[in-house]
Amino acid sequence: MVSAVFHAPPEPTPAAAPSAMQTIATPAIKTPASGQKPVQSAPPSPPRAPRDWAAASRAFWLAVLPPACGLGLLIGLWAVVSSTTGQSIPGPLETWKQALEVFSNPFYRNGPNDQGVGWNVLASLERVAVGFGLAALVGIPAGFVIGRFNFLSRMFNPLISLLRPVSPLAWLPIGLLVFKGANPAAIWTIFICSIWPMIINTAVGVQRVPQDYMNVARVLNLSEWKIATTILFPAVLPYMLTGVRLAVGTAWLVIVAAEMLTGGVGIGFWVWDEWNNLNVKNIIIAIFVIGIVGLLLEYALVKLATAFTFEEVKA
């Protein structure tokens, strides 16, 4: 008699048989074909920070609103003065209409004494450039020498203190006597009035160079030229540029007064000529032109100073 024996299948072990929950939670992983690199998903990009429109709007209004309020106050006071003087001083609206007419053709020529405001401004700028350039060529090296040597500093300080307070117009007759011409006399006046700020500021900058720098130069046995170019010039540059800024402002002030007395072509002569013609509107326009040109010169020199000076000086 043959008996058949049936055995039950063995129980699966926990390590060999994963649970149903593990089977569901584990995603299927695709194996790449042979010779192919596995594809990696790109990391998620960080969320963009929302732009702070309120802060940007506040910064804009803080930059625009104060100058606009100042200009509005000036125009308001101007309108009040014009109305209280019986329109003897033209108001803002009448002056604006005249300015549109003046600047519609600023470079016309109807003779040597009848030229547009553009030619007058260019003539004044040319005189300022020549006189200011000569003052820089003389004043900056003189400031280096006076600040470098104590004997020369004591020698020239009384002379500078004596001549610097002299009014610019007091030098004009001397220029007319020496140069026998209005144009060189005006350039001479600009020169003599622009040279003092550059001499004084450059000399002060040289005297404030730390003594340790000069001791190192003495130990290294550097020549005076090497000391001036490698040690003094970088340290004195902020003071020198401050003197240049003060000098160009003085030059632009002086040229207007000098041209009123010497005549010819220039913004100062244009103001005086319009006064002789009793054209007050053009005088007011000339005042604004003089102010805007001076502002542009100052802005250009500030940009130059911030480009060539140190960070602590920029602030």
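What percentage of the 315 residues in the chain do buried residues make up?

## Overall make-up

Buried residues, those under 20% relative accessible area with a 1.4 Å probe and protein chains only, make up 31% of the 315 residues. The model is predicted, so local features need pLDDT of at least 70 and side-chain atom pairs count only at pLDDT 80 or more, whereas totals for chains, interfaces and linings use all residues. Residues are numbered from 1 along each chain as its sequence is written, and side-chain values use heavy atoms, with hydrogens and water left out.

The chain holds 12 helices and zero strands, where helices are DSSP runs of H or I with at least four residues, strands are E runs of at least two, and both are numbered from the N terminus.

Leaving aside residues up to four places away in sequence, Met198 is in contact (heavy atoms within 4.5 Å) with residues including Phe132, Ile140, Val244 and Ala247.

## Helix 4 against helix 5

The axes of helix 4 and helix 5 (residues 150-163), which are lines fitted to C-alpha atoms over the stretch in contact, with angles from 0 to 180 degrees between N-to-C directions, come within 6 Å and cross at roughly 120 degrees. Val145, Ile146 and Arg148 in helix 4 meet residues of helix 5 that include Leu152, Phe156 and Ile160.

Conventions
Buried means under 20% relative accessible area, exposed over 50%, partly exposed in between (1.4 Å probe, protein chains only).
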